[in-house]
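Please look over the sequence and the model below before reading on. The briefing that follows takes up strands, a sheet, a core and a loop residue in turn.

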Amino acid sequence: MSEPSAYYAHPTAILDSGCQIGAGSRIWHFCHVSSGAVLGEGCSLGQNVFVAEGVVLGRNVKVQNNVSLYAGVHCADDVFLGPSVVFTNVRNPRAAVPRRGSAHYAETHLGQGVTLGANSTIVCGITLGEYAFVGAGAVVTHDVPAYAMVYGNPARQHGWMSAYGHQLQFDAGGQATCPESRAVYQLTNQHVSRISPG
């Protein structure tokens, strides 16, 4: 386990031997971080968060209350997981059929800056591109492109979001400017890229 003085953990939190916790991270009431889990620097786990063996969180990942991160979930830097987000890791679970271990778990990847709204469900085995934005209560069953905004059940795309979380309005030339950061984005063949940092 990481050096305890480098992070804060509430006395009710359970940190199994062998977990790695980055400096500056904060772990609140009733959390459980399993052996083999990795948290980067500056992460925050709200109340009642479970982090399974094999989960990897990058730097500055914010996990709100009542989220369980199961084996196979990988979050890049600056990911935000809203309250009661749900992850899965087996596509075809049956109580009477043992499907435990890495051979059965489908990995889920969240790119840098992804936001998952409260109560959204992420079916295992998919990738959410950088800065994808998932609305509250959405059920995500397929990959989500970078900067895409999706919501609904099943989740469908309803636009594009900037890295600062503003909906982008593209002009006839396929360009849009974030109203907060002033970064410029280009839409080409249903793919968005940031072409100036703002």
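Two strands are said to pair if DSSP finds at least two bridges between them, and strands (E, at least two residues) are themselves DSSP runs, numbered from the N terminus. This is a predicted model, in which local features need pLDDT of at least 70 and side-chain atom pairs count only at pLDDT 80 or more, while totals for chains, interfaces and linings use all residues. Residues are numbered from 1 along each chain as its sequence is written, and side-chain values use heavy atoms, with hydrogens and water left out.

**Two hairpins**

- Strand E23 (residues 175-177) and strand E24 (residues 184-188) run antiparallel and are joined by 3 bridges, with glutamine 175 having glutamine 186 of E24 as its bridge partner.
- The hairpin that E23 and E24 form has 6 residues between the strands, and arginine 182 in its turn has a positive phi of about 70 degrees.
- E24 is also joined to strand E25 (residues 191-196) by 5 bridges, again in an antiparallel arrangement, and here leucine 187 stands opposite valine 192 in E25.
- In the hairpin of E24 and E25 there are 2 residues between the strands, and asparagine 189 in the turn has a positive phi of about 50 degrees.

- Strands of a sheet pair through backbone hydrogen bonds, either parallel or antiparallel.

**The largest nonpolar core**

- A nonpolar core is a set of buried Ala, Val, Leu, Ile, Met, Phe, Trp, Tyr and Cys residues joined through side-chain atoms within 4.5 Å, where buried means under 20% relative accessible area (1.4 Å probe, protein chains only).
- The largest such core has 50 residues, of which Leu45, Leu57, Leu69, Phe87, Leu116 and Leu128 touch the most other members.
- Strand E12 (73-75) and strand E21 (148-151) each supply at least two residues of this core.
- Leaving aside neighbours within four places in sequence, phenylalanine 87 is in contact (heavy atoms within 4.5 Å) with residues including Val67, Leu69, Tyr70, Leu110 and Ile122.

**A buried loop residue**

- Serine 25 lies in the loop between strand E3 (20-21) and strand E4 (26-27), and is buried, with a relative accessible area of 1%.
- Apart from neighbours within four places in sequence, serine 25 is in contact with Ala6, Tyr7, Tyr8, Gly40, Glu41, Gly42 and Cys43.

Terms used
Helices (H or I, at least four residues) and strands (E, at least two) are DSSP runs, numbered from the N terminus.
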